[in-house]
Amino acid sequence: MSSDAGQLTLDALFSTRAKLANDGAEWAPEPDGTISLAYGFADPEHFPVKELVEATTEILAEDVNGALNYGPTYPGLVKFVADRLVARGVGHAAPQNILISYGSSQILALLPQILVDLGDTVIVEGPCFMGAVRSFQEAGAKIETVPVREDGMDIDALEAMLVDLTSRGIHPKFIYTTPTFQNPTGTLMPLPNRQRLVALAAQYGVLIVEDDAYGDLRFEGAALPKLIALDTQGWVLNVGTFSKILAPGVRMAWACGPEAVIKRLRKFKVEGSSGPFLTRLVERFAADGKLDAHIDELNANYRHKRDVMVAAIREHFPSDVRYVVPTGGFFIYCYLPADLPAPKVVAAGRTHGVSCLPGLGCYANGQGAHEIRLAFSYQSIDNIVEGIRRLGAAMKSVRTA
Amino acid sequence: MIATSNRADMQFLFSKLVRHDESVPQMQLDLPQENEDTISLAYGDADPALFPIDALIGAVDRMLTGNLDVSLNYAPAYAGLVTLVQERMARVAVPLARNQIMLANGSSQVLSLLPQIFCDPGDVIIVEGPSFLGAVETFVNCGLTIETIPVRDDGMDLDILASTLARLANQGIRAKFIYTIPTFQNPTGSLMPLANRQRLVGLAAQYGVVIVEDDAYGDLHFDTALPPKLMALDPTWVLYVGTFSKILAPGVRMAWACGPSEIIKRLNRFKTEGSNGPFMTRLVAQVAADGWLDRHIAMLNANYAQKCHAMLTTIAEAFPSDVRYNKPQGGFFVYVYLPDDLPVRRLLPAAIGNGVSFLPGTTCYADGQGTHEIRLAFSFQSLEKVVEGIRRLGATMHQLRQV
């Protein structure tokens, strides 16, 4: 029997999962001359260039076969991450419950593969990092949103939601939270709330995914325990990254948590290792206290930029714009008065040569119409001042229009 | 109502994908247990003496004196690396649009994504036997139904492929893809001639099956003219997979897939980490620029040809005369067919006892064949070690016969 090629389409060959997948979204470029306060990029003035070149030279001189031939993720990097977590109170951090990945977004994209079936419930904060939420939604998750207050996720609201879901026979798969210098609000969840959150997860049998991307970027105050450090029953997955403390462009992150979860993440990370060369390079850059020294330098810089942005906001924004001064992270989050809806402010900002992220882009449920996120991480001091001045002028133009 | 739970409940959280994955019997790879003194001829690692250390350091230095936003910040993969792939593919196959190319973290990533985008449980794919053990293991462990087509001295046996496709069509089954390494095949080193290539792309079009052309060794030819890539003959049904592993370094994990944009689009969607990142893509492009890569490949080929020649010469001297083997004109491997009285299960422990190891043929088959076949890599060891390793292996064969 010979088939008729005219009827054989390529599309018919794809798997059910591949047929269901949507097209990805792309970032829209901004016009020249715009001061972008929209994205949480790292400060390019503080990339450790000399250290990266030195680290490259060293790893190739010491073990060129280990760095450049086929091989696993460098065990030294796994140990480095484990030791660093142990030093921060995560007593159970060990190589078998750590996975090194190509960026934390890889972990956040693998999570729904291993945890979510179509229609399963996932709990997220509102507002939060929507890059993560989109990967949950694409896997068919039903998203429930818990509000974020000045002290992070509203734990009363979370508990009420868990009670309600349970009463309806719904067992949510995981709670996605950024308790430390949250994206976008910059909030820091206090210790009693952290303890309560971890206890609720164990009580209801729900995994907590603790996105700790900003955990090291602390400008003042004492460090609070990570959720995973409070976890005695194995319900917390901590996701950390070298993006903010080394460079986003190297794409290197980790997950640490219950072995049952790490084991599956490892299996579904189909390419296997995260590269002998890159993992050795990052370890060599970070080893012997060099990472912590670099973080100190970054925090002095970002603290100053935060202060500059806060001062500029005081000078240029209408006095009824509310915000919380963050004690770490990359962002200041603003709550706008009723007559300054974010879409209008963003549009006016564009004509004034400044951009920011509208709160609508931070919620899974369409909230955020009067909220904007401002990143102080990327722009120079001068551009931060000028950007805020332009945005203040844009707000005034909306009011007088 | 208050829910209570304990750790045992965590099982509940995992998805159907996980439960399916864990219901599939996993391939048990019987890999040689080597020690420090073993001369390993088992693995197709690159020759570490040929790694371009200075070129890599120079490239990192140059890229980090430029615009750091595009190399170290959040940024897409470097467009220049895609351009480089476009130029190479236009030279050896066909011109491609940018949306027909995906950069990947190693070609094994592409191979692992293939079952995700093409296969539902029970779907049929076609692979060569023997084939690349990493691909075979991936496909077996996904629970796919695998049809194995034998490999001859001139590559995949196309008569058997044709009859297999016809049989499947009669059963109402349309295979999803044919995984082939037509150029210096892993593990056999065989090279598929032009007439067979034409017939293969014709069969793919006739039956509407994607050909996955793994061309990992396509640049590693010693002194022979190469037939055209499958993609050059008819790109309609060909997904081509190329890699910088053999021509630059495996440790940088940089490869590409190219072909129909509908396939590339889906591969991109299932590549969980998004782009390969600006740093590594710039690094590879920076190293390869200005003809450096082609000069490097010429140097590699001179070295690998020498080691291949040394291995073949020593085999002719040291192995019993009834051991058959191919004489590859490229790639990394010599493949050996053992006589009946020298099965791998006898040869391997004795060889390791004598300080040499190899890859058992059984690891290269999805269906347990290869009990009298072994793969010898000349790529990794120095020329002296290649010669010494083959002498030890030959001595082992003779010893086993005297017992």
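A:Pro184 sits in the loop between β6 (174-177) and α8 of chain A; helices (H or I, at least four residues) and strands (E, at least two) are DSSP runs, numbered from the N terminus. A cis peptide bond with omega of about 15 degrees joins A:Asn183 to A:Pro184. Another cis bond links A:Gly126 and A:Pro127, with omega about 5 degrees, and A:Pro127 has its place in the loop between β3 (121-126) and α6 (130-138) of chain A. Most peptide bonds are trans, and most residues other than glycine have a negative phi.

Before going on, please note that this is a predicted model, in which local features need pLDDT of at least 70 and side-chain atom pairs count only at pLDDT 80 or more, while totals for chains, interfaces and linings use all residues. Residues are numbered from 1 along each chain as its sequence is written, and chains are lettered from A and ligands numbered from 1 in the order in which they are written.

Now for phi. A:Arg251 is not a glycine, yet its phi is positive, about 50 degrees. You will find A:Arg251 in the loop between β8 (236-241) and β9 (253-256) of chain A. Is A:Arg251 buried or exposed? A:Arg251 is buried, with 30 other C-beta atoms within 10 Å; a residue is buried if 20 or more other C-beta atoms lie within 10 Å of its own, exposed if 12 or fewer, and partly exposed in between, with C-beta atoms placed from the backbone. In chain B, B:Arg253 has a positive phi near 45 degrees and lies in the loop between β8 (238-243) and β9 (255-258). B:Arg253 counts as buried too, with 29 C-beta neighbours inside 10 Å.

Next, look at two helices of chain A. The axes of α7 (residues 155-167) and α8 (residues 191-204) come within 10 Å and cross at roughly 10 degrees; axes are lines fitted to C-alpha atoms, for helices over the stretch in contact, and angles run from 0 to 180 degrees between N-to-C directions. This makes α7(A) roughly parallel to α8(A), since angles under 35 degrees count as roughly parallel, over 145 as roughly antiparallel, 65 to 115 as roughly perpendicular and the rest as oblique.

Finally, turn to where the chains meet. Here 69 residues of chain B are in contact with 70 residues of chain A, contact meaning that C-beta atoms, placed from the backbone, lie within 7 Å. Helix α6 (residues 107-118) of chain B gives the largest share of chain B's side, seven residues.

Terms used
Contact = placed C-beta atoms within 7 Å.
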